[in-house]
Amino acid sequence: MMSSRTTQRIAAAAAGMAVAATVGGLATTAMAADDPTGVDLSVTIEDNTPGALSMSVAPNDGVVLAEEGSDAEARQFLGTLPTVTVADTRDAGEIPEGAYWAVVGQASEFTAEGRAPIGPEYLGWAPRLLTPSPSGDVAAGEPVSSVLPDGSGGAAVGLEGQELLLSTWASGAEAGPWDVTADLTLRTPATVAPGDYTSVLTLSLFEG
């Protein structure tokens, strides 16, 4: 025969089981039904990728220089650089105070199988800014002439070293992006050997 205390413990345990079962049943019912007390949640996460200073060159198949304007002193070949774009997507707070940037270009020798190379000093350019700069803080570089002057008045040094294509002394002063191109002029001695010559014009973006 069970004592009165034992009977109370069993009754309490049974009651607990009944309560647990009832609560579980209610939870299942609430989840299955359209609960008017439910709260929909949403959030918009903004892109926080840091901005960047970048340079790109328009898609191209290379530049073919065509002969035009040759004379008794030199053979001359002209072409146009594909559009070069500089973009700066940084916020003002990401740009160091006093920062500036510049795009420079330098050419390699023109080479052809079985022919003496044509040095990069014979290649000149005249940069042209295609995007207006209201403040004038972004500007194209000065013309650079072949060592065989072409009458442009540019410095007769050619693209043997790094020459300025585009620059600014106030990073972030204008929104951009900025587009620039250059008229290319190759002037060789009139006695240059015929052949299919190739060169590479390397463009680089620097920030200081």
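Buried means under 20% relative accessible area, exposed over 50%, and partly exposed in between (1.4 Å probe, protein chains only). This is a predicted model: local features need pLDDT of at least 70, side-chain atom pairs count only at pLDDT 80 or more, and totals for chains, interfaces and linings use all residues. Residues are numbered from 1 along each chain as its sequence is written, and side-chain values use heavy atoms, with hydrogens and water left out.

**Exercise 1.** State what percentage of the protein chain is buried, and list its elements.

Step 1. Of the 208 residues in the protein chain, 28% are buried.
Step 2. The protein chain has one helix and 12 strands. These are DSSP runs (helices H or I, at least four residues; strands E, at least two), numbered from the N terminus.

**Exercise 2.** Find which residues of the largest nonpolar core touch the most other members.

Step 1. A nonpolar core is a set of buried Ala, Val, Leu, Ile, Met, Phe, Trp, Tyr and Cys residues joined through side-chain atoms within 4.5 Å.
Step 2. The largest such core has 27 residues; Trp 101, Trp 125, Leu 165 and Leu 166 touch the most other members.
Step 3. Elements giving two or more residues include strand S5 (101-107), strand S6 (123-129) and strand S11 (178-189).
Step 4. S11 gives the largest share, five residues.

**Exercise 3.** Describe the lining of the largest pocket by class.

Step 1. Classes: Ala, Val, Leu, Ile, Met, Phe, Trp, Tyr, Cys and Pro are nonpolar; Asp, Glu, Lys and Arg are charged; the others, Gly among them, are polar.
Step 2. The lining has 19 nonpolar, six polar and three charged residues.
Step 3. S11 supplies the largest share of this lining, three residues.
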